[in-house]
Amino acid sequence: MDPRVREHAETICNHSVALEAGDHVVIDAHPVAEDLVTALHEVIADRGAHPLVVQERLGKRFQRAYLRNHDGDFETPEHVRALYEEMDAYIAVRGSDNVTQTSDVDPETSAAYAQAQQPLLDERLSKRWVLTQYPAPANAQLAQMSTEGYENFVWDAILRDWDEVREFQSQMVEIMDGASEVRIVSGESTDVTMTVEGNPTLNDYAERNLPGGEVFTAPNPDSVEGTVFFDKPLYHQGREVTDVRLTFEDGRVIDHAAAKNETVLANVLDTDEGARRLGELGIGMNRAIDQFTYNMLFDEKMGDTVHMAVGRAYEDTVGEGNEQNESAVHVDMIVDMSEDSFIEVDGERVQEDGTFVFEE
């Protein structure tokens, strides 16, 4: 076994979920991540905790079979809810043998399924949890990298001094905390403002996402105004969606377009009322992630980017007395901020062409 796999497992257990003796741990992983799951069992045994492996992430093959043969009238599975209620920590490991496994599932069926799964997501997010990546060959292929090259990329991004990352990113947290208005401008295609007043900014240094490397908050749902052109593509429901353009008025998407798979985008926005509002504004700060790989866990952390998510706002990013945007979806999209761009906070320019004011 590559020694970096064991180090990965130790980072998950020691840093991300702070495993304790007696904890009941659910590991959700595809069999391609067998080495990491094995290493996790070694560490979990060392800590005196109790593991259980589930395979919700089995390349989505099981999910595809279920959704393509279902009548579309979904119920929340109470036996799964009971499992999540009893667990103390949840470790989700991405890694696939086919990243487009669900590409032939009807988008409306996927949206209905997501709504029925919402209570399970709420329960998972109320526990200690982490989402990470195993460098599987299918993910390497999607990133247009060799398997060895992708392994190096993944573990270079994950096996870092996260205390040092936290200290660097805290400078941006200090700027955002207590701020009122944020403006994002990129070229002639993106100019959007939003209010974040009263909402805390979180410093992601690999506690819930591994790798970490961003600071993020929630806009006040009705405050978003302007147009955003997301020049980086995304994969959603096994399909690539490119050149997304969203126009906001009074916080709501009133116009949308995409060059490829616009129907997928439309179905996301039609999931529920909250899906047409922003739930997150994130600023990428991890320059160890220096190339786009069609994997949002990494891509949204890239330095010189911002990302915005339509749909659900994380509870921790919503201040007391402020409205939390509720939705069954949370879909991130990315804007390149490396050229002809800036971020303003309360009228002060805090980043220009990817360089923060505290780096000058």
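## Surface and basis of the model

The protein chain exposes about 15,300 Å², an area from the Shrake-Rupley method with a 1.4 Å probe. Carbon and sulfur atoms supply 41% of it.

This is a predicted model, where local features need pLDDT of at least 70, side-chain atom pairs count only at pLDDT 80 or more, and totals for chains, interfaces and linings use all residues. Residues are numbered from 1 along each chain as its sequence is written, and side-chain values use heavy atoms, with hydrogens and water left out.

## Overall form

The C-alpha atoms fill a box of roughly 50 × 50 × 45 Å along the principal axes. A compact globule of 360 residues would have a radius of gyration near 21 Å, and the chain agrees, with 20 Å. That radius is taken over C-alpha atoms, and the globule rule is 2.2 Å times the number of residues to the power 0.38.

Of the 360 residues, 54% are buried, that is, under 20% relative accessible area with a 1.4 Å probe, protein chains only. Among contacts with a separation of 6 or more, 73% link residues 24 or more positions apart. A contact means heavy atoms within 4.5 Å.

## Strands

The protein chain has 10 helices and 20 strands. These are DSSP runs numbered from the N terminus: helices are H or I with at least four residues, strands E with at least two.

Strand 3 covers residues 89–94, and five of its six residues are buried. Strand 1 (residues 24–29) runs parallel to strand 3, joined by five bridges. Here Val25 has Ala89 as its bridge partner. Strand 4 (residues 128–133) also runs parallel to strand 3, with six bridges. Val93 has its bridge partner, Thr132, in strand 4. Strands pair if DSSP finds at least two bridges between them.

Terms used: Buried < 20%, exposed > 50% of the residue type's maximum accessible area, 1.4 Å probe, protein only.
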